[in-house]
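Q: Could you take me on a close look at the nonpolar core of this model and at the parts that surround it? I would enjoy one connected walk through the details.

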Amino acid sequence: MIEPFANNHQSMQIGELVIENQEDKIIMYGDVELTLDVAGYEQAQQLQELANKIVQAFESYSLYSKQEGKSKEKDDQLDKNIDNPFL
């Protein structure tokens, strides 16, 4: 089980659903079939545990604090002008 938002290198898989951990987001892609049997029940339990951990991470994180670890996608700083070093 991953620790949500704790690092940029953890990942896990439930069925064909891949969950990637980053410091500022959780990425999920793929699919999972929850069949009405023991395997489906175990996968549902894993999904519930993961969802609970993600919600706990949100509840413990202040949305107003400055976020230090940003992914490359959010590090564009489109609202800032930067001098061109080649001019």
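A: Happy to! The largest nonpolar core has seven residues, namely Ile-2, Met-12, Ile-14, Leu-17, Ile-19, Leu-50 and Ile-54. The elements that contribute two or more residues to this core are β1, β2 and α1. Here a nonpolar core is a set of buried Ala, Val, Leu, Ile, Met, Phe, Trp, Tyr and Cys residues joined through side-chain atoms within 4.5 Å. In soluble globular proteins, nonpolar side chains tend to be buried together.

Before going on, a word on the basis: this is a predicted model, in which local features need pLDDT of at least 70 and side-chain atom pairs count only at pLDDT 80 or more, while totals for chains, interfaces and linings use all residues. Residues are numbered from 1 along each chain as its sequence is written, and side-chain values use heavy atoms, with hydrogens and water left out.

Setting aside residues up to four places away in sequence, Ile-14 touches Ile-19, Asp-31, Val-32, Gln-43, Gln-46 and Leu-47, where contact means heavy atoms within 4.5 Å.

Now the sheet: three strands form an open, antiparallel arrangement in the order β1-β2-β3. Its edge strands, β1 (11-14) and β3 (26-29), each pair on one side only. Neighbouring strands are turned by 15° against each other on average, direction ignored. Helix α1 packs on this sheet and touches β1, β2 and β3, its direction making about 145° with that of β1. Such angles run from 0 to 180 degrees between N-to-C directions, with axes as lines fitted to C-alpha atoms, for helices over the stretch in contact. Helices (H or I, at least four residues) and strands (E, at least two) are DSSP runs, numbered from the N terminus. Two strands pair if DSSP finds at least two bridges between them; β2 (residues 17-21) and β3 are joined by four. Val-18 stands opposite Tyr-29 in β3.

Finally, Lys-53 sits in helix α1 (residues 38-60). Lys-53 is buried, with a relative accessible area of 19%; buried means under 20%, exposed over 50%, and partly exposed in between (1.4 Å probe, protein chains only). Its side chain makes a polar contact with that of Glu-3 at 2.7 Å. A polar contact is a pair of N or O atoms within 3.5 Å; within protein, one must be able to donate a hydrogen and the other to accept it, and residues adjacent in sequence count only if both atoms are side-chain atoms.
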